[in-house]
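Here's a quick walk through one protein model, written for someone who likes to check the strands and rings as they read. Have the viewer open and follow along.

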Amino acid sequence: MKTRAHFFLLLLLGPSLAACDLHREPKGPDAAVRLDGSLSDAAVTQDAERPDAAPSDAGGPDAGNSCPRAPGPADGERRVVVSRPYDSGGGQVNVWEVLGLSAAGELDRPGVTFEMGRSTLGRVVFTPDGEVGLVAQQDGSLGVFTIDSQGGAQVVHAAFEGAFCATDVVMDPTGDGAWVLDGNWRNNGGGIYRVAIGCDGQLTDLGLVAAAKLPYGLELLPG
């Protein structure tokens, strides 16, 4: 059974910015991508020259391959993913847990956990079908995982590093990509970035969409 999109807030104390290098070389216009998610000629050239660039069939309209991600039934079972950043002794760990959420609002703990990067602040966002989840992690990378129909979890990227220092991520309504916020000043890379999401959850870094000073929020308007 497919689940609908999930958004879960991690209401835990943490730093206001991810622990990234604040003295990185500023991003230039060569990493531009249009607001509709399509690449500029400069971005296409730059991405093609990167040795670690994902192939063009990685998924999503930005990468030339779209996957249907229709929401499941309104009364279907949901999954909630939460960070468990501390062990019983107070030590720092990279553990995440998948909870079940019934249509009646009841939570259960089936004992499904996985590990990727650590996060103590922010939210987990999902594609509309609830199958791929993304979160901005403490070191500025993105953690990416998939959830199957039985509630099992598989890590796709334990720590995806792009041109950004991720402080938040906003899912595109199509599920083909996401918008990544880098909450730094402009000269340190602050702005809105774009990643494409493949059918298997693999990300492709599409670079900078718009430079911004301390961007902490992004709202997508209908249409």
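What follows covers confidence, then strands, then cores and ring pairs.

**Ground rules and confidence**

This is a predicted model, so local features need pLDDT of at least 70 and side-chain atom pairs count only at pLDDT 80 or more, while totals for chains, interfaces and linings use all residues. Residues are numbered from 1 along each chain as its sequence is written, and side-chain values use heavy atoms, with hydrogens and water left out.

The chain averages a pLDDT (the predictor's confidence in each residue, from 0 to 100) of 79, and 71% of the residues score at least 70. Over residues 1–16 the pLDDT stays under 50, and the model gives that stretch 59 contacts (heavy atoms within 4.5 Å) beyond four places in sequence. Residues 22–64 are also below 50, with 83 contacts in the model beyond near neighbours in sequence. Where pLDDT is low, the predicted coordinates should not be read in detail.

**The three-stranded sheet**

Strands here are DSSP runs of E, at least two residues long, numbered from the N terminus. Two strands pair if DSSP finds at least two bridges between them. With that settled, look for the open sheet of three strands, which runs in the order S2-S3-S4 with antiparallel pairing. S2 (78–86) and S4 (107–115) stand at the edges with a single partner strand each, so one side of each has no neighbour in the sheet. On average, neighbouring strands of this sheet are turned by 30 degrees against each other, direction ignored; the axes behind that angle are lines fitted to C-alpha atoms, and angles in general run from 0 to 180 degrees between N-to-C directions.

Over in S2 sits valine 82. Valine 82 is buried (under 20% relative accessible area, with exposed over 50% and partly exposed in between, using a 1.4 Å probe and protein chains only), at 7%.

How many residues of S7 are buried? Six of the six, so S7 is largely enclosed by the rest of the structure. Leu142, Val144 and Thr146 point one way from the strand, while Gly143, Phe145 and Ile147 point the other way.

S7 pairs with S6 in the antiparallel sense over five bridges, and valine 135 stands opposite glycine 143 in S7. S6 and S7 make a hairpin with five residues between them, and glycine 140 in the turn has a positive phi of about 90 degrees. S7 and S8 are also paired in the antiparallel sense over five bridges, and valine 144 has histidine 157 in S8 as its bridge partner. That hairpin, S7 to S8, has five residues between the strands, and glycine 151 in the turn has a positive phi of about 90 degrees.

**Cores**

A nonpolar core here is a set of buried Ala, Val, Leu, Ile, Met, Phe, Trp, Tyr and Cys residues joined through side-chain atoms within 4.5 Å. The largest one has 19 residues, and Leu134, Leu142, Phe164, Val180, Val195 and Leu203 touch the most other members. S6, S7, S8, S9, S10, S11 and S12 each supply at least two residues of this core. Another core, of 10 residues, lies apart from it and includes Trp96, Met116, Val135 and Phe145.

**Ring pairs**

Rings of Phe, Tyr and Trp (its six-membered ring) pair if their centres lie within 6.5 Å; planes under 30 degrees apart count as stacked, over 60 as edge-to-face and the rest as tilted. The whole structure holds three aromatic pairs, including these:

| Pair | Centre distance | Plane angle | Type |
|---|---|---|---|
| Phenylalanine 114 and phenylalanine 145 | 5.1 Å | 45 degrees | tilted |
| Phenylalanine 164 and tyrosine 193 | 5.8 Å | 65 degrees | edge-to-face |

Phenylalanine 114 in S4 and phenylalanine 145 in S7 are 31 residues apart, linking distant parts of the chain. Phenylalanine 114 is buried at 7% relative accessibility, and phenylalanine 145 is buried at 0%. Ring pairs also join Phe114, Phe126 and Phe145 into a cluster.

Phenylalanine 164 lies in the loop between S8 and S9 and tyrosine 193 in S11, so their pair ties together parts 29 residues apart in sequence. Phenylalanine 164 is buried at 5% relative accessibility, and tyrosine 193 is buried at 1%.

Notes
Helix = DSSP H or I, 4+ residues; strand = E, 2+ residues; numbered from the N terminus.
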